[in-house]
Every structure is written in C-alpha cells, then in structure tokens.
Amino acid sequence: MILLLKNQIELQQLIQKTSLTFTTNTMYPFKLSLFFPLLLILFLSTSISSNINNLTQSNMNPHELETLYKIMESISNDQNWRKSYPNPCQQSSSWLGIECKRNTNNIYHVTRLDFGTHPNPTCKKTATFPSLIFQLPNLESLFFIQCFTHTKTTISIQENILLQQLSIRSNPSLIGTIPPQISSLKSLQILTLSQNNLLGQIPPQIFTLNSLIHLDLSYNNLTGQIPYQIGNLNNLIGLDLSYNSLTNPIPSTIGLLKSLQKLDLSSNTLTGRIPQTIEKLQSLNFLALSNNKLSGNFPKGIHKLQALQYFLMDDNPMMFITLPDELSQLHKLQELSLSSSGYSGEIPSSYSQLLNLTTLSLQNNRLTGKIPVELSRLTHMYHLNLSRNLLDGVVPFNTSFLKRLGRNLDLSGNPGLCLMMNEGVYVGVNVCSNTITMPLKNRSCEASCGVVTSLLFLVCVFELLFCV
C-alpha cells in the first residue's frame with residue numbers, strides 16, 4: 001500500500017511537469033489525453049519490474065561473503081568459488097552443500113555448510129580446520145565428513161551463538177584434544193565428533209551445553225573417566241561414548257538423564273557395577289555396555305526399564321553369577337546379548353515371556369542344565385546362540401522351530417546336548433544314541449569335564465568314576 005501511494009505521488013509530480021512542458025510548447029500540438037495513459041502504463045511496468053528484481057536478487061553482507069570465499073578457498077579446490085558463484089545464496093548460483101536464509105531486510109545469510117563427501121565440496125589434501133568458519137554469524141549447521149584425511153589438524157572453536165549442529169566425523173588426521181571452548185556454542189543441540197583421532201579426557205565444560213539432545217564422541221582415543229557432570233544434560237536423548245579407552249565406574253549421575261533413549265558405552269575399560277540409578281532411565285530403548293570390565297550383580301531395579309528393546313552386554317567379567325530373572329519383565333526387549341561373560345547356573349525359563357525377542361545370545365558362558373522347552377514359544381525368534389556352554393539333555397525344539405532358525409541356531413560346544421533325530425538342520429550337536437542310555441547325571445559330569453584345565457584333570461576323572 002505504501003509503495004502504491006509513493007508511486008502515485010511520483011506519477012502526479014511527473015504529470016505536472018509534463019503538463020507544463022506541453023502547454024508552453026506550441027511546436028508539438030496534440031491532445032495530452034492520449035499521452036497520459038501511455039505514460040501511466042510505462043511508469044507502472046517499470047516500477048513493478050524494479051521491485052521484483054530487488055526481491056529476487058541475492059544480497060549478502062560483503063564481509064560475510066568475503067569470509068565465505070576465504071573458507072571455501074582454504075578447504076576445497078573443486079571450483080574457483082568467487083568466479084563460479086558470484087551470488088552463492090542465489091538459487092541459480094549456488095552449490096550443493098550450502099544453505100542460506102533471507103532475513104526481514106532482504107539480506108541473505110549462510111546457515112549451513114557441508115564438506116568432505118560428493119556431491120558436497122570435497123577437501124583438498126592440505127585442508128585444515130578453519131576456525132574462521134565460526135565468524136559466519138547465522139551459521140546453524142556445520143558438517144566435516146571425511147575431510148581432514150592427510151594434513152594433521154586440531155579443532156579450534158570461536159564463539160557462535162546460533163550454531164545448533166556440529167558434526168565432524170571420519171577424519172583420520174583430526175588430532176588433539178576436544179577444546180573446552182566448545183562450551184561457548186550455547187545453542188548446540190547435536191554434537192558429533194566420531195571416528196577421528198581425538199585424545200585426552202572429555203572436558204567437563206561440554207556438560208554445560210544444556211541444549212544438547214545428541215552427543216557422540218565414539219571411535220576416538222579418549223581416556224580418563226566419564227565426568228560426573230554428565231547428569232547436567234537434562235535434554236539428552238542419545239549418548240554414544242563407545243570405542244574409546246574410558247576407565248573407572250559409570251557415574252551414578254547417569255540416572256539424571258531422564259530423557260535418554262540411547263546409551264552406548266561399549267568397548268571401553270569401564271569397571272565396577274552397573275549403577276543402581278540406571279533404573280531411572282525409563283525412556284531408554286537401547287543399552288550397550290559390551291566389551292568392558294564391568295562385574296557384579298545387576299541393579300535390582302533393572303526391570304523398570306520398560307521401554308528397553310536392545311540390551312547388549314557381552315564380554316564383561318560377570319563371573320559366577322546367574323542370569324538375572326528380572327530381565328524377563330522387559331517385555332519390549334527384542335535383542336538380549338550376554339555372551340562371553342562367565343554366567344553360571346541355568347537359563348531362566350521365564351525368558352520365554354519375552355515375546356518380542358528376536359535375538360538371544362548366551363554363548364561362551366558356564367550355563368548348565370537343560371534348554372528350557374518354553375523358549376520354543378518365542379515365535380519372533382530368528383537368532384539363538386547357546387554354544388560353548390555346559391548344557392545337557394535333549395534339544396527340546398520341534399522341527400518347525402529348527403527349520404525356521406536354520407543356521408541362525410547354534411548349540412555347538414555343549415558335549416551333553418543331543419538331538420532326538422536328524423532334522424536336516426545343522427545346529428552343532430549329534431543325534432542322541434539309541435544304544436547308549438547314559439543317565440542325565442553322567443552326561444552332566446561328562447560335560448563339566450569337557451572344559452576343565454589340566455590341573456583339575458585328576459579331580460574330573462574321580463568325579464566321572466563315582467558319578468552314577
């Protein structure tokens with residue numbers, strides 16, 4: 001409306017000037033009534049065209065544009081960025097890997113940059129981490145994936161109040177420690193520093209980033225303990241610290257992460273017990289603690305993790321404790337993996353209540369007794385591994401169960417187990433003999449002797465002689 005009124009005023013002024021010219025000039029007598037409509041059409045069309053032009057042109061702050069070119073030139077040789085993209089925020093003069101937004105003043109700002117993998121700009125061999133990138137004032141998302149692969153470089157942070165996502169992944173030449181200055185990125189929601197060569201301890205300053213919903217520091221060389229300040233991240237949904245060299249017990253403050261859905265601490269050197277406070281993580285659906293040095297009994301309240309679907313805790317020295325019956329109350333559980341941890345006793349028949357279970361891995365423990373026949377009720381099961389234990393008796397599964405699992409069923413390494421008949425499916429055990437009717441107790445003795453060391457050989461022979 002304001003623009004229209006302005007145009008009308010300008011038009012009236014032009015008409016007044018033109019009227020004076022034509023009334024005082026007798027050399028060109030013709031009716032002004034024919035001239036003014038033509039003049040009006042010409043003026044309005046020029047004005048509209050000018051305004052549309054202003055809306056479609058890509059306008060950038062000159063300093064921000066220069067900063068962007070310097071960044072591109074320091075990282076990538078893919079293009080002559082200045083010549084090929086004079087207006088990088090204009091759709092017709094942009095590249096894959098850049099996003100811009102226009103503010104109310106019709107000024108464009110860079111909001112996202114991606115580097116490293118095609119079709120995004122690839123990184124030259126001499127590329128190093130560009131701290132200058134944090135001077136892009138409206139940057140919200142930044143990605144470096146397979147970018148720093150030749151020249152060693154470190155992360156250098158400058159304050160940026162709008163950055164929400166920082167993903168630096170799969171950079172073998174990215175070394176050094178995680179800088180404490182990362183805490184200056186106050187709006188950060190997603191921080192991924194995975195699959196690099198970062199070392200040192202996790203800086204506690206990270207845990208002042210209260211907006212974080214996802215933190216991934218996996219596949220590095222981080223050492224030391226998990227800082228107790230981790231409990232400050234109230235909004236955290238995903239936490240992955242796997243494949244590092246973290247030590248000491250898991251801090252009890254982990255139980256303060258009430259929104260946590262994924263927790264992966266596998267492949268570290270964590271010690272002690274699973275903290276009792278883990279029962280408070282009632283949104284948790286993925287828990288991975290495999291390949292650590294955890295020991296001792298499970299938390300009594302572990303059955304409260306009613307959202308849990310995946311529980312992976314292989315390769316921990318849980319010696320001489322029985323499988324917890326409480327796990328049978330985790331009715332949403334789809335995968336349970338507790339292999340190579342030294343569990344003893346029998347397999348709880350209550351595990352048959354896990355009706356959504358698709359994978360059960362209990363191999364390489366010291367489990368004894370019969371396989372619970374109730375496990376055959378698990379109609380969603382497609383992978384069952386009970387190999388290398390001390391199980392005995394007749395395999396209780398029917399033909400349909402055996403054929404459904406096929407080679408995904410492994411019962412090998414249990415000397416006391418046998419099949420009543422050959423169902424045409426190899427499961428790692430022999431067919432039960434019709435001529436030898438060894439009592440079950442004898443077979444248990446034989447199984448237990450199958451895994452003893454040479455130091456206990458004489459004791460084992462004595463047990464076999466008197467086991468009737």
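Predicted model: local features only at pLDDT ≥ 70, side-chain atom pairs only at ≥ 80, totals over all residues.
Let me start with a term: partly exposed means a relative accessible area between the buried range, under 20%, and the exposed range, over 50%.

I will go through three of them.

Take Lys101 and Glu140. Their side chains meet in a salt bridge, at 3.4 Å from N to O. Lys101 sits in strand β1, residues 98–102, while Glu140 sits in the loop between β2 and β3, so the pair ties together parts that are 39 residues apart in sequence. Lys101 has a relative accessible area of 46%, so it is partly exposed. Glu140, at 22%, also counts as partly exposed.

Next, Glu66 and Arg82. Their closest N and O atoms are 2.9 Å apart, in a salt bridge. Glu66 is partly exposed at 30% relative accessibility, and Arg82 is partly exposed at 33%. Glu73 comes in here too: Glu66, Glu73 and Arg82 are linked in a network of salt bridges.

Last, Asp240 and Lys262. Here the closest N and O atoms of the salt bridge are 3.8 Å apart. Asp240 lies in strand β9 and Lys262 in strand β11, so this bridge ties together parts 22 residues apart in sequence. Is Asp240 buried or exposed? With a relative accessible area of 8%, Asp240 is buried.

Methods
Residues numbered from 1 in each chain as written. Heavy atoms only, no water. Salt bridge = Lys/Arg side-chain N within 4 Å of Asp/Glu carboxyl O. Buried < 20%, exposed > 50% of the residue type's maximum accessible area, 1.4 Å probe, protein only. Helix = DSSP H or I, 4+ residues; strand = E, 2+ residues; numbered from the N terminus.
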